[in-house]
Amino acid sequence: MLAEAKTNSDLNRMIEARTNGVPLEQILGWAEFRGLRVEITPGIFVPRYKTEFLVEQAISLCESDSAVLDLCCGSGAIGLAIISNNPAIQLLASDIDPLAVSCAARNLAPFGVEVFEGDLFEPISEKWKGRINVLVANAPYVPTEAIEVMPRESRLYEPHISLDGGYDGLEVHRRIAMAAPDWLTTGGHLLIETGENQGSKAAKIFSQNGLTSRIVHSEELDATVVIGTKFPSTVTTHSAV
Ligand SMILES: C[S@@+](CC[C@H](N)C(=O)[O-])C[C@H]1O[C@@H](n2cnc3c(N)ncnc32)[C@H](O)[C@@H]1O
């Protein structure tokens, strides 16, 4: 904070905000994510260190000219990390929260990426159907009842919609998995971060929607990612667990 404060009163204001539980990144206006400086508007979700594992997995599945969709993009940190690694990809990003959308648009502007506002796939042009190679989402996955026991920083200063994953934390994942086969290329991948104890249920949701699925886990980052792949025989069944 010392380095960011321009005046003593700035510093006092920052210390007071921090004492009240405002996340440090919202006070500073930026977060470090995979070695990048990502702008964070106060009032949006702060990207987590563990999500770098989701980025690693996505990067490992990208070809040089892949079309990548960062759904529920928040600040755009995931998409920014992926396109910074390979500026030749075509990146799309979207979120339902207008504050997050404008923050992501600023973060992704150097790469000329357009960020769309709306509910999941709704703002994405139909022309992308069947053309997404890598669909990556760190969607909300906290079970509704668990939100009240989260740290104050999240509960009070990150939007409820960025945390609330419904009764079992997987409601948004169900909706994404149901729609994903329509948007993915044959051989395309859907990658979603979950809690460790949600991985097998999420994998089942993927399978029931015609995606093969596997779970990868990083002990070091305490991060779990479910990866689904659309193979030629994938039938869009639109079923939910
Ligand atoms: C857990 S935050 C993750 C943000 C970002 N992906 C990251 O990892 O930093 C979830 C994001 O999903 C967005 N979101 C929640 N429900 C959504 C929906 N129905 N459609 C699109 N975005 C949604 C929230 O606004 C929030 O930015």
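A residue counts as exposed when its relative accessible area is over 50%, as buried when that area is under 20%, and as partly exposed in between. Keep those cut-offs in mind while you look around this predicted model. Glu 122 has a relative accessibility of 58%, so it goes down as exposed.

**The ligand and its surroundings**

- Asp 119 puts a polar side-chain atom 2.7 Å from a nitrogen atom of the ligand.
- Leu 120 uses its backbone instead: a backbone N or O atom there lies 2.8 Å from a nitrogen atom of the ligand.
- Asn 138 has a polar side-chain atom 2.9 Å from an oxygen atom of the ligand.
- On its own the ligand would expose 590 Å², and the protein buries 96% of that.

**The loop between β5 and β6**

- This loop runs between strand β5 (115–117) and strand β6 (132–137), and Glu 122 is found in it.
- The backbone of Leu 120 has a phi near 45°, which is positive in a residue other than glycine.
- Glu 126 is exposed, because its relative accessible area is 57% and the cut-off is over 50%.
- Looking from Glu 122 to Ile 96, you cover 26 residues in sequence, and their C-alpha atoms are 9.7 Å apart in space.
- Glu 126 and Trp 183 are 57 residues apart in sequence, with 8.6 Å from C-alpha to C-alpha.

**Helix α4**

- Helix α4 takes in residues 77–85, and it is mostly covered, with 7 of its 9 residues buried.
- The buried residues of α4 are Ala 77, Ile 78, Gly 79, Leu 80, Ala 81, Ile 82 and Ile 83.

- Arg 34 lies in the loop between β1 (30–33) and β2 (36–39).
- Phi of Arg 34 is near 50°, again a positive value in a residue other than glycine.
- Gln 198 is in the loop between β7 (184–194) and α9 (199–208).
- Is Gln 198 buried or exposed? Gln 198 is buried, because its relative accessible area comes to 7%.
- The side chain of Gln 198 reaches the backbone nitrogen of Gly 195, at a distance of 2.7 Å.

**Toward the start of the chain**

- Ala 5 is found in the segment before helix α1 (8–19).
- At 17% relative accessibility, Ala 5 is under the 20% cut-off, so it counts as buried.
- Ala 5 and Pro 232 are separated by 227 residues in sequence and by 55 Å in space, C-alpha to C-alpha.
- Gly 21 is found in the loop between α1 and α2 (24–28).
- Gly 21 has a relative accessible area of 9%, so it is buried.
- From Gly 21 to Val 136 is 115 residues along the chain, and their C-alpha atoms are 30 Å apart.

How values were computed:
Residues numbered from 1 in each chain as written. Predicted model: local features only at pLDDT ≥ 70, side-chain atom pairs only at ≥ 80, totals over all residues. Heavy atoms only, no water. Polar contact = N/O pair within 3.5 Å; in protein donor to acceptor, adjacent residues only side chain to side chain. Areas by Shrake-Rupley, 256 points an atom, 1.4 Å probe, with all protein chains shown as cover. Helix = DSSP H or I, 4+ residues; strand = E, 2+ residues; numbered from the N terminus. Buried < 20%, exposed > 50% of the residue type's maximum accessible area, 1.4 Å probe, protein only.
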